[in-house]
Amino acid sequence: ISSSVSPLQPTMFVPSMISESVTALDTATGEPRWQFFAEGPVRFAPVAWKDNVYFVSDDGHLYCLDAAGGKRRWKFRGAPADRKERTLLGNGRLISLWPARGGPVLHNGVIYFAAGLWPAYGIFVHALNAESGKVIWSNTDSEHLPGANEDHGIDTLAGLAPQGYLAVVGDKLVVPCGAQLPAFLDLATGKLAPYHMG
């Protein structure tokens, strides 16, 4: 993604699942300007805004870096503080039990992302102030939704499984859920609209 900030142009920020990093490349020369290493694969393109770069990793964090030099400004763990960190093998790599697979989207100075992939262990969707990293809201109760899965007329518990780039449409945050239907959260509060897996 090329930065829209004139002092940083032309720069492209490239994620890597292989090296668990984000690299800033000069688009005129192809030369790397800097490289930042996370603690898990980086599967989604970073978001560049003002003088910051944001990205999520399978280590379960949202990172904010200085776009010019790649220094970390802050990072935010998707799982709540009361959840002790656990790792497991994911595609042959150690990842968090709550990988950040809900790719970030930025809207009106707020950065949104999701962590957690398996509803049984917890799903967490967050809205943060993009400058400070302070929490605006967190949705932490969308992993077990009675009536969300009515397969063959049987009402069973189901939950969100964020996988893919989040999006903003009007006053809704769209959370893609892989092969399931996407979920819609209120952009201002994080409240989940009625949800069915489909």
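This is a predicted model: local features need pLDDT of at least 70, side-chain atom pairs count only at pLDDT 80 or more; totals for chains, interfaces and linings use all residues.
How accessible is Glu85: buried, partly exposed or exposed? I looked it up, and Glu85 counts as partly exposed at 35% relative accessibility. For my cut-offs, buried is under 20% relative accessible area, exposed is over 50%, and partly exposed is in between (1.4 Å probe, protein chains only).

Residues are numbered from 1 along each chain as its sequence is written, and side-chain values use heavy atoms, with hydrogens and water left out.

**Entry: Glu85 and its partners**

I found the side chain of Glu85 in a salt bridge with Arg77, at 3.2 Å from N to O. A salt bridge here is a side-chain nitrogen of Lys or Arg within 4 Å of a carboxyl oxygen of Asp or Glu. Arg77 is partly exposed at 21%.

Glu85 also has a polar contact, side chain to side chain, with Ser96 at 2.9 Å. That term means a pair of N or O atoms within 3.5 Å; within protein, one must be able to donate a hydrogen and the other to accept it, and residues adjacent in sequence count only if both atoms are side-chain atoms.

**Entry: Ser96**

Ser96 sits in strand β9, residues 93-96. Strands (E, at least two residues) and helices (H or I, at least four) are DSSP runs, numbered from the N terminus. I get 3% relative accessibility for Ser96, so I put it down as buried. Leaving out residues up to four places away in sequence, Ser96 touches several residues, including Asp58, Glu85 and Trp118. Contact means heavy atoms within 4.5 Å.

**Entry: Asp58**

Asp58 has a relative accessible area of 0%, so I call it buried. Its side chain makes a polar contact of 2.8 Å with the side chain of Arg101. Beyond its neighbours within four places in sequence, Asp58 is in contact with Gly40, Pro41, Arg43, Ile95, Ser96, Pro99, Ala100 and Arg101.

**Entry: other salt bridges**

How many salt bridges does the structure hold? I count eight. One of them joins Glu20 and Arg93, with the closest N and O atoms 2.9 Å apart. This pair links distant parts of the chain, 73 residues apart: Glu20 is in the loop between β1 (11-16) and β2 (21-26), and Arg93 is in strand β9. Glu20 counts as buried at 18%, while Arg93 counts as partly exposed at 23%.

I also looked at Arg73 and Asp51, whose side chains meet in a salt bridge at 3.2 Å, N to O. They too link distant parts of the chain, with Arg73 in strand β7 (residues 72-77) and Asp51 in the loop between β4 (47-49) and β5, 22 residues apart. Arg73 is partly exposed at 39%, and Asp51 is partly exposed at 36%.

**Entry: the sheet**

Last, I traced an open sheet of five strands in the order β13-β12-β11-β10-β16, with mixed pairing. Two strands pair if DSSP finds at least two bridges between them. The edges are β13 (135-139) and β16 (164-165), each pairing on one side only. Strand β12 (residues 124-129) runs antiparallel to β13 and is joined to it by four bridges.
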